[in-house]
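Biologist: Could we go through this structure together? I would like to begin with a single residue and then look at the wider picture.

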Amino acid sequence: MVTKEITIEQKKKIAELFEVVNTSFGFCVLLNYCQRILYPKTVYQISQFELRTLAHPNSKKRYKTFKIKKKNGGTRTIHAPKPELKILLRCINLILQSVYAVHENAYGFVEGKSVVDNAKLHCNSNYVFNIDLKDFFPSIEIGRVLNRLSFPPFNLKKENGNEEIGNYIAWLACENILVERQLNGEMIKTVKRVLPQGSPISPILTNIICERLDRRLTGLANRFGVRYSRYADDITFSSMHNVYQKDGEFRKEMKRIISEQYFTINQSKVRLQKSDVRQEVTGITVNKKVNVSQKYIKQLRMWLYYWETYGPVKGLSLFLQSYIKDKSHVKKVVPTPEFMEAVIDGKLNYLSMVKGTENSTYLKLKERFDKLSSNYLDVENILAVWEENGIDEAMDLYSKIV
């Protein structure tokens with residue numbers, strides 16, 4: 001997929017076309033228009049037949065499923081859409097983004113907002129209160145998606161003659177998945193058609209579904225003089241005063257609102273952080289200003305030291321031991337120097353996003369990385385040098401690297 005910034009004019013055009021679409025044929029025309037924006041070089045044609053095929057829950061062209069380990073030792077099931085469905089869902093995602101304006105206190109999966117923006121809101125607070133919504137994506141069933149799409153700004157309903165469009169969006173967005181539900185006071189496992197984790201359309205749909213939750217929790221926060229934000233399933237309140245007592249009015253009202261919106265709090269992830277400890281919001285320190293942990297910096301320095309001291313081969317071995325121990329929940333580790341370089345580069349990019357591109361710590365680490373990275377690029381050229389200029393020159397280049 002070509003990364004391309006969508007213009008305001010293009011979004012406006014998509015919104016105008018969406019407003020008049022009322023048939024599956026018209027919907028396909030709009031989807032193909034979006035596809036040309038997102039995938040300029042793709043010639044894949046989205047037809048009514050393809051739409052019906054991919055919308056069917058038993059289609060073999062929908063999702064591939066795999067599990068990844070969580071940090072807490074459990075597993076998370078990911079439903080990754082197959083190529084044709086992925087294109088279709090990204091086109092629908094663009095349509096929804098063009099039509100819908102996300103609530104101002106929602107920060108996750110929102111264009112122009114980041115995890116850092118979410119954390120900045122809660123800096124310099126005496127109290128930071130975090131909660132997590134349990135089984136966020138699979139807690140949203142197809143009926144909720146269909147119902148929400150029947151209201152503004154979508155208005156996809158029978159009375160308007162465009163109910164079919166809402167049906168297709170919900171059918172494509174939701175998947176039959178084994179989930180946990182409460183029945184007669186007990187948790188049972190059952191198959192429900194829900195939003196899958198791993199789909200490119202699930203994030204925008206959760207923000208749409210959570211609009212009323214965001215409005216009501218914002219109202220609660222204003223009433224008690226605290227700040228509120230939500231990053232996907234991660235909810236944060238912060239304030240200079242403590243209103244977060246377990247049996248206090250604030251928490252009782254918060255629980256009631258969340259329950260009425262058909263969500264469940266993950267009790268194991270409820271945290272009240274005072275200013276005398278390290279306060280975190282979505283993994284970022286917020287005590288005085290946004291920052292990464294000392295562990296993050298130490299790990300980066302250690303990985304760069306391995307690379308500098310032992311070269312790309314032995315350095316990779318030491319890096320992988322540390323990386324796998326720290327990231328035991330990742331699906332796959334690629335044992336190559338290129339993988340090590342990509343991971344360190346990503347860590348540095350995140351560091352610059354949090355601390356700023358002019359931060360001295362970032363600049364020193366980036367300088368070390370750039371020297372190693374440019375040397376590593378020479379490794380890629382060793383064989384070419386050997387072929388063109390002979391073994392002596394190739395070995396001389398190799399000695400400089402290792």
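**Surroundings of one tyrosine**

Biologist: Which residues is Tyr 63 in contact with, leaving aside its neighbours within four places in sequence?

Modeller: This is a predicted model. In it, Tyr 63 is in contact with His 79, Ala 80, Pro 81, Lys 82, Leu 85, Leu 89, Leu 172, Ala 173, Glu 175, Pro 196 and Ser 199, once neighbours within four places in sequence are set aside.

Biologist: Where is Tyr 63 found, and is it buried or exposed?

Modeller: Tyr 63 is found in strand β1, residues 63-69. The residue has a relative accessible area of 9%, and because buried means under 20%, Tyr 63 counts as buried.

Biologist: How far apart are Tyr 63 and Lys 86?

Modeller: In sequence they are separated by 23 residues; in space, Tyr 63 and Lys 86 are 9.0 Å apart, C-alpha to C-alpha.

Biologist: Let us turn to the whole chain. How many helices and strands are there?

Modeller: The chain has 15 helices and ten strands. Of its 402 residues, 48% are buried. Among contacts between residues at least 6 apart in sequence, 63% join residues at least 24 apart.

Biologist: What about helices α1 and α4: at what angle do they cross?

Modeller: The axes of α1 (residues 8-20) and α4 (residues 83-99) come within 8 Å and cross at roughly 95 degrees. That angle makes α1 roughly perpendicular to α4.

Biologist: Which residues meet there?

Modeller: From α1, Lys 11, Ile 14, Ala 15 and Phe 18 meet Leu 94, Ile 95, Ser 98 and Val 99 of α4. The residues of this contact comprise six nonpolar, one polar and one charged.

Biologist: And the aromatic rings? How many aromatic pairs are there?

Modeller: The count is 19 aromatic pairs. In one of them, the ring centres of Trp 303 and Phe 319 are 4.8 Å apart and the planes lie at 75 degrees, so the pair is edge-to-face. Both Trp 303 and Phe 319 are buried.

Biologist: How is the pair of Trp 303 and Tyr 323 arranged?

Modeller: That pair is tilted, with 6.1 Å from centre to centre and 55 degrees between the planes. Trp 303 and Tyr 323 are both buried.

Biologist: Which residues form an aromatic cluster?

Modeller: Phe 129, Phe 224, Tyr 228, Phe 237, Tyr 244 and Phe 250 form one cluster.

Biologist: One last topic: which ring does Lys 113 lie over, and which does Arg 144 lie over?

Modeller: Lys 113 lies over the face of Tyr 107, at 4.4 Å from the ring centre. Arg 144 lies over the face of Phe 263, at 4.8 Å from the ring centre.

Note on methods
Residues are numbered from 1 along each chain as its sequence is written. This is a predicted model: local features need pLDDT of at least 70, side-chain atom pairs count only at pLDDT 80 or more; totals for chains, interfaces and linings use all residues. Side-chain values use heavy atoms; hydrogens and water are left out. Rings of Phe, Tyr and Trp (its six-membered ring) pair if their centres lie within 6.5 Å; planes under 30 degrees apart count as stacked, over 60 as edge-to-face and the rest as tilted. Buried means under 20% relative accessible area, exposed over 50%, partly exposed in between (1.4 Å probe, protein chains only). A charge sits over a ring if NZ of Lys or CZ of Arg is within 6 Å of the ring centre and within 35 degrees of the ring normal. Axes are lines fitted to C-alpha atoms, for helices over the stretch in contact, and angles run from 0 to 180 degrees between N-to-C directions. Helices (H or I, at least four residues) and strands (E, at least two) are DSSP runs, numbered from the N terminus. Angles under 35 degrees count as roughly parallel, over 145 as roughly antiparallel, 65 to 115 as roughly perpendicular and the rest as oblique. Contact means heavy atoms within 4.5 Å. Ala, Val, Leu, Ile, Met, Phe, Trp, Tyr, Cys and Pro count as nonpolar, Asp, Glu, Lys and Arg as charged, and the others, Gly among them, as polar.
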